[in-house]
Amino acid sequence: MLRAHTVEQVRAAEATLLAALPEGALMQRAAHGLAYAVLDLLGGGYGRRVLLLVGSGDNGGDALYAGAVLARRGAYVEAWLLSDRAHQDGVAALREAGGRVIDPPLVEVRRAQRGASKPRRDFDVVVDGIVGIGGRPPLRPDAAAALDAVAGVPVVAVDIPSGVDVDTGELAGSHVTADVTVTFGTHKVAQLVDPAAQHSGVVHLVDIGLDLPEPALEALQPADVAALLPWPDPQAHKYTRGVVGVRAGSATYPGAALLSVAGADCGLAGMVRYVGDPAVVDRVREAHPDVVGDGRVQAWVVGSGSDSGAEEALQAALADEVPLVVDADALEFADLVTGLPAVLTPHAGELATMLGEDRVDVEARPLHHVRAAADVYGTTVLLKGRHSLVAEPGRPVRVTTTGIPWLATAGAGDVLGGVIGALLAAGLTPYDAASVGSWLHGAAATLASRGGPIVATDVARALPGVIATLPA
Ligand SMILES: NC(=O)C1=CN([C@@H]2O[C@H](COP(=O)(O)OP(=O)(O)OC[C@H]3O[C@@H](n4cnc5c(N)ncnc54)[C@H](O)[C@@H]3O)[C@@H](O)[C@H]2O)[C@@H](O)CC1
Ligand SMILES: Nc1ncnc2c1ncn2[C@@H]1O[C@H](COP(=O)(O)OP(=O)(O)O)[C@@H](O)[C@H]1O
Ligand SMILES: [K+]
């Protein structure tokens, strides 16, 4: 499991470790991890040109000590001090190793602020040690000007791209966009949650020995998905594996029925039932001969393309008192499932309507809003997007890191609802079903795409192949 912790949690774990270690040891661990990541990126140290942007805190200290390591490896290292309170021992270490330190007044920054110079491209890498977990967004003007002065040069962020909100992943003005982020002890929320996650680049975790509590955020890895998946046991029969029912689609939207069933019929449940408009039933049976009609189920999927029949479909599903997936048109009636075992699957626009918020604000603060929705409805909420988020009261938010932009295609959400329904029917909790289903759905999109465009049926078809490649 990949885990992300809050600043407060990191600070507390750091305090315990600091008390047990010789002074400076923790920063040396961080700085060496950072230096080796930079060497890796540059393919060596000798002859490379490295610029350190150094703020007033320990984040700048990490950059300076890493700079000293790089200078000893033969790199030309220049540090621009953005504050007159830069880490003094770090500055001394860099100077001693042969690095160059440029103190305020910072010629390049002032020139850039006046728009007097073109960006300098003569550095191979910029190391962003402006602020780390002690920073508050946005970047101050001097720091933003320093970045402008070297626009176009690859950036390695120390711990966090400076200027983003570390615990929420929100942006509020200027910030660093990193190619690589070298983070310490644990991931930080902003590296996984959009919009900030899109500015973190490749995240490289350096273990510094922190002992951490339950995280704020988790991201399933292939081994976690494999461990949660309902593998059939040797004595299995279709009913022990679980039956999933679909009440989706309508005469107006028959495709939604076909796609929801395609997701549900991925093989993770023992049987799929479909209930709907008779004309749609025929089309579903034609496309999926294994699908049967009404009867007992262990989970329902309701709402995609249900149109004006959404409320009735939801009421009928609720009568069975089994867990359900509430999607699309049924989300309007989501208050009917308040406190029940369910997965609500809105995209940002649907969540905005549910919460009476602005879509733009949901997209700017997805973590805040998905948590709010889970609290309001007292159940599991999956907010779909580039990095979909699964929230349930009292649990770490799970973030989906599989998937590709080609997955933003009509009907992909219908397939997702079906997959989650199959997992619910197989006995997973709503929280696990939503996060495992979302992971599989994203991975299936990647597998189906091979770099090119896909449509929703491709995603459904690729699901068994993804499951087959999971570690046993
Ligand atoms: N906590 C840990 O476990 C460890 C922390 N280390 C490093 O220490 C960092 C945290 O250091 P600090 O607590 O000193 O804090 P930071 O270095 O993150 O920054 C704090 C300083 O930045 C200034 N600042 C705040 N917002 C700013 C903005 N928007 N623009 C410009 N300046 C701003 C503040 O006035 C303050 O002086 C971590 O991110 C990491 O890089 C590592 O050395 C080792 C382990
Ligand atoms: N930029 C993106 N990158 C990766 N996945 C995305 C992106 N945008 C959307 N998705 C995913 O694509 C699916 C779209 O579902 P949805 O919005 O319900 O569409 P529809 O209603 O047409 O089925 C969701 O699983 C969502 O997480
Ligand atoms: K930083």
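The model is predicted; local features were taken only at pLDDT of at least 70 and side-chain atom pairs only at pLDDT 80 or more, whereas totals for chains, interfaces and linings use all residues. Residues are numbered from 1 along each chain as its sequence is written, and chains are lettered from A and ligands numbered from 1 in the order in which they are written.

The shell of ligand 1 holds 29 residues, with Glu14, Gly57, Asp58, Gly132 and Gly134 closest; a residue counts as near if its C-beta atom, placed from the backbone, lies within 6 Å of the molecule. Twelve of these residues are nonpolar, ten polar and seven charged (nonpolar: Ala, Val, Leu, Ile, Met, Phe, Trp, Tyr, Cys and Pro; charged: Asp, Glu, Lys and Arg; polar: the others, Gly among them). At least two residues of this shell come from each of α1 (7–20), α2 (25–42) and α3 (58–72), helices being DSSP runs of H or I of at least four residues, numbered from the N terminus. The most, four residues, come from α3.

In α3, 14 of 15 residues are buried, that is, have 20 or more other C-beta atoms within 10 Å of their own C-beta atom, with positions placed from the backbone. Gly74, which follows α3, has a positive phi near 95°.

Terms used
Buried ≥ 20, exposed ≤ 12 C-beta atoms within 10 Å, placed from the backbone.
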